[in-house]
Amino acid sequence: MIPFEMVEPTSLKEALSLLDPQEPTIRAVAGGTALMLMMKAGVFTPTRLVCLHRIEPDFSRIALTDKGELRIGAMATLRELEKDANVAARLPVLARAMRTLSSVRVRNVARVGGALAHGDPHMDLPPVLSALGARVSIAGPGGDRELPLEKLYAGYYETVLEKNELITAVTVPALNGRKAAYMKVTSRTADDWPSLGVAVTFALADGRIQDPIVVVSAATEKVTRMSAAEKALQGVAPGDAALQRAGDAAADEVETLSDAHGSAPYKRELLRVYLRRAVRQALDGSVH
């Protein structure tokens with residue numbers, strides 16, 4: 001491995017000052033689980049890594065806000081997110097999703113901000129948080145900004161982050177009675193990269209679906225909102241025929257990608273089937 005500089009700033013401000021928007025070989029590192037693999041494979045050769053482990057502890061906290069929203073510090077580990085009592089009580093769909101997000105060893109090290117900033121479309125966290133209406137907070141030399149999590153992603157392994165910006169937190173609103181589910185389809189073990197990830201949330205009023213959000217990942221180049229499927233679900237009683245139409249709408253709407261986890265036609269058929277299953281799981285907590 002080619003030698004590189006490792007620096008450990010003790011504040012967010014210092015960390016930002018060590019990043020260079022004109023130099024792609026300088027990179028911030030949180031947990032490093034993905035970055036180290038890229039370095040070992042020779043995909044990325046750094047000149048400087050800015051380790052974030054010693055910045056202010058507030059960026060590692062998971063806490064409720066005065067509005068009842070959940071604020072997740074970017075430096076919180078995935079394991080801390082999985083085990084947090086507020087997450088379990090208020091966002092059980094998120095806690096369940098974490099259990100098959102890679103292995104326990106990886107979850108003990110990987111950080112929330114790094115997992116989101118990596119931009120890998122196969123990750124489980126972005127679709128779940130997007131369906132939950134999460135917002136991501138970003139800091140940079142020009143100031144802070146916030147955007148819906150789904151807007152963070154621009155393409156395959158691409159985000160809208162500048163090279164001298166860092167994710168500082170993710171804020172997730174309360175469910176307020178909305179139903180939610182995330183289903184992950186793997187071709188190998190349960191904690192493997194998925195062939196498809198589909199997350200749904202919706203309200204239920206008088207037995208009909210209201211304000212649905214459908215988010216797909218892994219089968220697509222980035223986390224993707226499924227507007228046609230959402231339209232097909234809006235206002236319907238969730239019977240077999242209605243869910244079949246929504247699954248068909250999703251399969252027709254999306255452009256799926258082939259990779260080692262399945263062909264594009266296979267993933268399209270998975271989406272057709274698993275969107276229906278995700279809605280049913282959200283309704284009653286079981287898998288059909």
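Let's start with Asp240, which is exposed at a relative accessible area of 56% (exposed is over 50%, buried under 20% and partly exposed in between, with a 1.4 Å probe and protein chains only). This is a predicted model, where local features need pLDDT of at least 70, side-chain atom pairs count only at pLDDT 80 or more, and totals for chains, interfaces and linings use all residues. Residues are numbered from 1 along each chain as its sequence is written, and side-chain values use heavy atoms, leaving out hydrogens and water.

Asp240 pairs with Arg280 in a salt bridge, their closest N and O atoms 2.7 Å apart (a side-chain nitrogen of Lys or Arg within 4 Å of a carboxyl oxygen of Asp or Glu). Arg280 sits in helix α11 (residues 264–284) and Asp240 in helix α10 (residues 240–253), so the bridge ties together parts 40 residues apart in sequence (helices are DSSP runs of H or I with at least four residues, numbered from the N terminus).

## Another bridge to look at

Asp259 and Lys267 also meet through their side chains, at 2.9 Å from N to O. Here Lys267 is buried, with 0% relative accessible area, while Asp259 is partly exposed at 28%.

## The nonpolar cores

The largest nonpolar core has 43 residues, of which Ile72, Leu94, Leu116 and Leu125 touch the most other members (a core joins buried Ala, Val, Leu, Ile, Met, Phe, Trp, Tyr and Cys residues through side-chain atoms within 4.5 Å). Helix α5 (residues 92–98) gives the most to this core, with five residues.

A second, separate core has 27 residues, including Ala181 and Leu271.

Key
Helix = DSSP H or I, 4+ residues; strand = E, 2+ residues; numbered from the N terminus.
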